[in-house]
Amino acid sequence: MIRPERTPGIRRLFDGRDAGSFIRWERPAAPPSAPEPEVAPPGDGALAGAARRFLLDEGPRLGVADPSLLRLVRVWRSRSGTHVRFQEDWGGAPVIGGIIGVHLDGAGAVYAVTGSFREAPRAAAPGAQPVTRKQAVAAALADLGAGLRLRGRTRVREVVLASAAGLVPAYKVTVPAAAPLGTWIYLVDARSGGILRVYNSMRFAVGRGRVYLLSPIEDPELREVALERLDGVTELKGAHVVVVNEDYAEATSPDGAFIYDPAETHFDEVMAYYHVDRIAAHLSGIDPHAAAGAITANVHAGDRMDNAYYDPSTGGIYFGDGGGPGRMNPLSREAAVICHEYTHAVLDRINPHLKGREADALHEGYADYFGCSLTDDAQIGEWVVAPRGDPHLRDLTNGKRYPADMTGDAHADGEIWGAACWDLRRSLGAAAADTLAYESMHFLPEFARFADAAFGIERADGAVFGGAHAAAIGSVLRARGLGGGAEGRR
């Protein structure tokens, strides 16, 4: 995300403070015991059942007042264990602010719980409401203003918002817009038609082929590279990425040679293919499920657009040509920016429910970290902002601390988390830090805060490395004001 477009209709963002009981629990340490005989690992169904039984037994003590209200929505595995996600429902509608994650080790035992819960009142489920779906959509479109231009179908569903006043029946209206650019999420009160919340869920930013390994400023030499994992030799379509050129027909080749000069439109396609495939392959080395298929990378997006972004409504990443009022260079020509946007897509696949000020900052911090780690450079955006005389967009060698340096801007605040991950990289090396940062994403609750990400780093170290890096992690997190991730636990 480089910088989001704004609209006067925004009143306030999700912050999760009224979302109910927040939970961050870890299994108490136990003395070493004799190793158990090896047995076949339990299947996903058995693990989901174990997670539910744990919540039925222990949930009320942790803040899950009525586990029977939880619906299983997902089970997935990573190196840090098996992760089971439950959604709280009220009258068949999902409660925003009611997602619980249960995390199990290799033996199928629960060792951490994260998330939040809001117990439904003992009353009848919400029935017909005065406001219709059509009226809710009309309220959202009117709020976006007369200049609204859509780029897809508006969607609406019934939800429940957990607020300080209780559970509020609402409509979630999703508006994919070209102007103002975004995938706008509106929560409209089903009783009054008033707008309760609004936020932009779009994550902005910022064979053989010829590419810049970094950018025209950091390493101006053009290099010929192998374009791996192509589906065939004729198009830039592969296991991890499909490239789309929004201005011209995409490049084709009879023999897999995609050799272009930077002045040619297809050069940007090769940059996008090579660098997306590279970070996808890197993350797949940490977790074979990290890439989750081919993403669409759109180059020459927009009209002189000074931006790059990930859009959860399409699942694609987009790179503008720059040259607009923000005075940026083409964004598809900086490797770190490409990797940044791809990381947004990876985190969104792991947890598409993230929302809130600190969650937005974490999204940016993770994206900056992996963009910088893959290029081995703590600064991001040197090329894209060069026309306006700035040295870079962000720098992960900053001295920022939480919470003193929080500003409310996701990119500026994201530098705190990105810098903490970079500090770990300097302390532990890229391989360990990349693994810890990636695995920590699986522990983020819906309204994630910095302490949740710190908690995830510590839990990932315990699960993947047997806690070998605990001292270094604690030192890094305390230096960034994150208290070793310990605050707020139950």
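**Strand pairing, cores and local contacts in the predicted model**

A308 has F319, in β18, as its bridge partner. The structure described here is a predicted model. Strand β17 comprises residues 308-311, and strand β18 covers residues 316-320. The two strands run antiparallel and are joined by 4 bridges. Together β17 and β18 form a hairpin with 4 residues between the strands. In this hairpin G315 takes a positive phi, near 75°. In a regular strand the side chains alternate between the two faces of the sheet. Strand β17 is covered on both faces. A308 and Y310 are buried on one side, while Y309 and D311 are buried on the other.

H300 lies in strand β16, which spans residues 295-301, and its phi is about 55°. R304, in the loop between β16 and β17, likewise has a positive phi of about 55° without being a glycine. Their accessibilities fall in opposite classes. H300 has a relative accessible area of 7% and is therefore buried, whereas R304, at 54%, counts as exposed. A further backbone feature is the cis peptide bond from Y402 to P403, with omega near -5°. P403 is found in the loop that connects β20 (394-395) with α6 (410-428).

An open sheet of 3 strands has the order β13-β12-β15, with mixed pairing. Its edge strands, β13 and β15, each pair on one side only. The pairing of β12 with β13 is antiparallel and extends over 4 bridges. Within this pairing, R223 of β13 is the bridge partner of V211.

The model contains 8 aromatic pairs. One of them is formed by Y212 and F267, whose ring centres are 5.4 Å apart. The ring planes stand at 75°, and an angle over 60 degrees counts as edge-to-face, so this pair is edge-to-face. Y212 is located in the loop between β12 (208-211) and β13 (223-226), and F267 belongs to helix α3 (residues 266-286). Because these positions are 55 residues apart in sequence, the pair ties together separate parts of the chain. Y212 and F267 are both buried. Elsewhere, Y369, F370 and W422 form one aromatic cluster.

Charged side chains also lie over aromatic rings. K355 is placed over the face of F447, at 5.6 Å from the ring centre. R449 lies over the face of F22, in this case at 4.9 Å from the ring centre.

The largest nonpolar core holds 81 residues. The members that touch the most other members are L227, L283, Y342, Y366, F370, W417 and Y438. Helix α3 gives the most to this core, with 11 residues. Beyond four places in sequence, Y366 touches T343, L347, W417, A437, S440, M441, L444 and A453. Another core, of 20 residues, lies apart from the largest one. A48, L55, L62 and V102 are among the residues of this other core.

E446 lies in the loop between α7 (430-440) and α8 (450-465). Its relative accessibility is 2%, and E446 therefore counts as buried. A polar atom of the E446 side chain lies 3.3 Å from the backbone nitrogen of G98. Setting aside residues up to four places away in sequence, E446 touches I96, G97, G98 and I99, together with H353, L354 and K355. K355, one of these contacts, is the residue placed over the face of F447.

A249 occupies the loop between β14 (241-245) and β15 (257-258). With a relative accessible area of 62%, A249 is exposed. Apart from neighbours within four places in sequence, A249 is in contact with H266 and E269. Both contacts fall within the residue range of helix α3, 266-286. The C-alpha atoms of A249 and T265 are separated by 9.6 Å, these residues being 16 residues apart along the chain.

Terms used: Residues numbered from 1 in each chain as written. Predicted model: local features only at pLDDT ≥ 70, side-chain atom pairs only at ≥ 80, totals over all residues. Heavy atoms only, no water. Phe/Tyr/Trp six-rings, centres within 6.5 Å; stacked < 30°, edge-to-face > 60°. Buried < 20%, exposed > 50% of the residue type's maximum accessible area, 1.4 Å probe, protein only. Lys NZ or Arg CZ within 6 Å of the ring centre and 35° of its normal. Polar contact = N/O pair within 3.5 Å; in protein donor to acceptor, adjacent residues only side chain to side chain. Contact = heavy atoms within 4.5 Å. Pairing = 2+ DSSP bridges. Core = buried A, V, L, I, M, F, W, Y, C linked by side-chain atoms within 4.5 Å.
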